[in-house]
Amino acid sequence: VFSTMAEAKMELDMVICNATISAFEKAGVWEGAWQLFGAMTHRMVESGTITFNAMSSACEKGETWESALQILAVMQRRGVESNVITSNAAVSACEKCSAWEKALQILSSMAHSKVEYSRITLSASISACEKGGEWQKG
């Protein structure tokens with residue numbers, strides 16, 4: 001993709017990157033999403049909430065809760081507010097890996113930052129606790 005863009009003298013921009021990250025997510029290739037996200041940072045391509053939502057979803061599909069937490073941390077460092085989509089994907093990534101403590105930490109941070117919960121948020125948090133053998137925590 002990038003070599004074709006270079007040949008056509010197209011600039012790498014946020015819209016193209018967001019679409020490509022979403023394609024990686026749908027294909028289950030979270031590593032590709034991370035590589036592109038790194039290239040965006042290196043080339044100083046702007047990233048926004050949609051970028052982070054797509055990255056968080058890619059991490060969820062890849063069942064990499066650590067990466068999903070990294071995305072939330074990068075958002076915070078860059079001053080980009082998380083939303084229910086980003087948070088749900090991160091909680092779901094934790095749920096898939098039985099990382100119940102991390103799921104509850106995200107739930108707590110959502111309350112502190114006034115990000116609204118959804119049924120998905122609460123269901124994934126409860127499921128993470130159940131999978132981790134901590135059902136009484138949910």
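Contact here means heavy atoms within 4.5 Å. Keep that in mind while you work through these exercises on a predicted model.

**Exercise 1. Asparagine 18**

Find out which helix holds asparagine 18, whether it is buried or exposed, and which residues it contacts beyond its neighbours within four places in sequence.

*Solution.* 
- Step 1: Look for the helix. Asparagine 18 sits in α2.
- Step 2: Check the accessibility. Buried means under 20% relative accessible area. Asparagine 18 has 10%, so it is buried.
- Step 3: List the partners. Once neighbours within four places in sequence are set aside, asparagine 18 is in contact with Ile50 and Thr51.

**Exercise 2. How α2 meets α4**

Work out how the axes of α2 and α4 are arranged, and which residues of the two helices meet.

*Solution.* 
- Step 1: Know what to look for. Two packed helices are described by the angle between their axes and the distance between the axes.
- Step 2: Get the values. The axes of α2 and α4 come within 9 Å and cross at roughly 15°.
- Step 3: Angles under 35 degrees count as roughly parallel, so α2 is roughly parallel to α4.
- Step 4: Name the residues. From α2 come Met14, Asn18, Ile21, Ser22 and Glu25, and they meet Ile50, Thr51, Ala54, Met55, Ser57, Ala58 and Lys61 of α4.
- Step 5: Sort them by class. The contact of α2 with α4 has six nonpolar, four polar and two charged residues.

**Exercise 3. On to α4 and α6**

*Solution.* 
- Step 1: Here the axes come within 8 Å, and α4 and α6 cross at roughly 15°.
- Step 2: That angle means α4 and α6 are roughly parallel to each other, and α4 passes α6 in a left-handed crossing.
- Step 3: On the α4 side you'll find Phe52, Asn53, Ser56, Ser57, Cys59 and Glu60, which meet Ile85, Thr86, Ala89, Ala90, Ser92, Ala93 and Lys96 in α6.
- Step 4: Sorted by class, the contact of α4 with α6 has six nonpolar, five polar and two charged residues.

**Exercise 4. Inside the core**

Which residues touch the most other members of the largest nonpolar core, and what does isoleucine 71 contact?

*Solution.* 
- Step 1: The core has 32 residues, and Ile21, Phe52, Ile71 and Ile106 touch the most other members.
- Step 2: See who contributes. The elements giving two or more residues to this core are α2, α3, α4, α5, α6, α7 and α8.
- Step 3: Zoom in on isoleucine 71. Leaving out neighbours within four places in sequence, isoleucine 71 is in contact with Trp34, Phe37, Phe52, Met55, Ser56 and Cys59.

**Exercise 5. Two loop residues**

Where are serine 98 and lysine 114, and what are their phi values?

*Solution.* 
- Step 1: Start with the background. Most residues other than glycine have a negative phi.
- Step 2: Serine 98 lies in the loop between α6 and α7, and its phi is positive, near 60°. With a relative accessible area of 29%, serine 98 is partly exposed.
- Step 3: Lysine 114 lies in the loop between α7 and α8. Its phi is positive too, at about 65°. Exposed means over 50%, so lysine 114, at 72% relative accessibility, counts as exposed.

Terms used
Residues numbered from 1 in each chain as written. Predicted model: local features only at pLDDT ≥ 70, side-chain atom pairs only at ≥ 80, totals over all residues. Heavy atoms only, no water. Core = buried A, V, L, I, M, F, W, Y, C linked by side-chain atoms within 4.5 Å. Buried < 20%, exposed > 50% of the residue type's maximum accessible area, 1.4 Å probe, protein only. Helix = DSSP H or I, 4+ residues; strand = E, 2+ residues; numbered from the N terminus. Axes fitted to C-alpha atoms, helices over the stretch in contact; angles between N-to-C directions. Parallel < 35°, antiparallel > 145°, perpendicular 65-115°, else oblique. Nonpolar A, V, L, I, M, F, W, Y, C, P; charged D, E, K, R; others polar. Left-handed = near helix turned anticlockwise from the far one by under 90°.
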